[in-house]
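Trainee: I would like to learn how to read a structure like this one, feature by feature. Could you take me through it slowly, giving the idea before the case?

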Amino acid sequence: MPTVEYKGKVFEVDEDGFLQGGLDAWCMEWVEYVKEQEGIQELTEEHWKVIKVLQDYYKKNGVAPMVRILSKVTGYPLKKIYELFPSGPGKGACKMAGLPKPTGCV
C-alpha cells in the first residue's frame with residue numbers, strides 16, 4: 001500500500017491518495033498535508049464545518065453524504081463548497097476529513 005510522509009508522520013493511503021485506517025488515522029498533520037495539496041491558504045471555520053459534517057455523517061452512516069445532503073446540513077451551496085475545496089466535496093473535502101474515497105455522487 002502506498003504511503004505519504006509529511007512532517008515526520010507516515011500515512012497509509014490508497015491508490016487515489018485517500019487516508020487508510022479510518023478516522024483513527026486522521027490528525028492535524030493529515031489536514032495540513034491535504035490543505036497544501038489542495039492549494040488552500042488558510043482553513044476557516046467554514047472549512048471546519050464541512051469537515052465536521054462529513055465526519056459526523058460518516059460515523060453515523062458508514063458513507064460520505066451525497067452533495068445535496070452536505071449542502072443542506074452545512075447551509076452552503078455547492079458553489080461555496082467548491083470555493084472552499086477546489087477539487088470538490090469528494091476529492092478535496094472527504095480526503096481532508098479522512099474519509100475513504102466516496103463511491104457515489106458526493
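**Reading contacts, helices and a hairpin**

Mentor: Let us begin with a charged pair: Lys-80 forms a salt bridge with Glu-46, and their closest N and O atoms are 3.1 Å apart. Lys-80 belongs to helix α4 and Glu-46 to helix α2, so the pair ties together parts that are 34 residues apart in sequence. Please keep in mind throughout that this is a predicted model.

Trainee: How far apart are the C-alpha atoms of Lys-80 and Glu-46?

Mentor: The C-alpha atoms of these two residues are separated by 9.5 Å. As for solvent, Lys-80 counts as partly exposed because its relative accessibility is 22%, which falls between the cut-offs of 20% and 50%. Glu-46 is likewise partly exposed, with a relative accessible area of 28%.

Trainee: How many salt bridges does the structure hold?

Mentor: The structure holds 4 salt bridges. One of them joins the side chains of Lys-101 and Asp-16, with 2.9 Å from N to O. This pair links distant parts of the chain, since Lys-101 sits in the segment after α5 and Asp-16 in the loop between β2 and α1, 85 residues apart. Lys-101 is partly exposed at a relative accessible area of 43%, and Asp-16 is partly exposed at 34%.

Trainee: What separates Asp-56 and Lys-52 in helix α2?

Mentor: An α-helix has 3.6 residues a turn, so residues three or four places apart point the same way. Asp-56 and Lys-52 are 4 residues apart in helix α2, and are therefore separated by about one helical turn. They form a salt bridge in which the closest N and O atoms are 2.9 Å apart.

Trainee: Is Gln-55 buried or exposed?

Mentor: Gln-55, which has its place in helix α2 (residues 45-61), is buried, with a relative accessible area of 11%. The side chain of Gln-55 reaches the backbone oxygen of Ala-97 at 2.7 Å. Leaving aside residues up to four places away in sequence, Gln-55 touches Leu-23, Trp-26, Ala-97 and Leu-99.

Trainee: Which residues of α3 are buried, and where do they lie around the helix axis?

Mentor: The general idea is again the helical repeat: with 3.6 residues a turn, residues three or four places apart point the same way. In α3, the buried residues are Val-67, Leu-70, Ser-71 and Thr-74. Seen down the axis of α3, these buried residues fall within an arc of 95°, so they line one face of the helix. On the other side of α3, Arg-68 and Lys-72 are exposed. The cover over the buried residues of α3 includes α2, α4 and α5.

Trainee: How many of the residues of helix α5 are buried?

Mentor: In helix α5 (residues 88-97), 9 of the 10 residues are buried, so this helix is largely enclosed by the rest of the structure. Among the buried residues are Cys-94, Lys-95 and Met-96, and what covers them includes α1 (28-38), α2, α3 (67-74) and α4. Just after α5, Gly-98 takes a positive phi of about 85°.

Trainee: In which sense do strands β1 and β2 pair?

Mentor: In a regular strand the side chains alternate between the two faces of the sheet. Here, strand β1 (residues 3-6) and strand β2 (residues 9-12) pair in the antiparallel sense over 4 bridges, with Val-4 standing opposite Phe-11 in β2. The two strands form a hairpin with 2 residues between them, and Lys-7 in the turn has a positive phi of about 50°.

Methods:
Residues are numbered from 1 along each chain as its sequence is written. This is a predicted model: local features need pLDDT of at least 70, side-chain atom pairs count only at pLDDT 80 or more; totals for chains, interfaces and linings use all residues. Side-chain values use heavy atoms; hydrogens and water are left out. Buried means under 20% relative accessible area, exposed over 50%, partly exposed in between (1.4 Å probe, protein chains only). A polar contact is a pair of N or O atoms within 3.5 Å; within protein, one must be able to donate a hydrogen and the other to accept it, and residues adjacent in sequence count only if both atoms are side-chain atoms. Contact means heavy atoms within 4.5 Å. The arc is that of the directions from the helix axis to the C-beta atoms. Two strands pair if DSSP finds at least two bridges between them.
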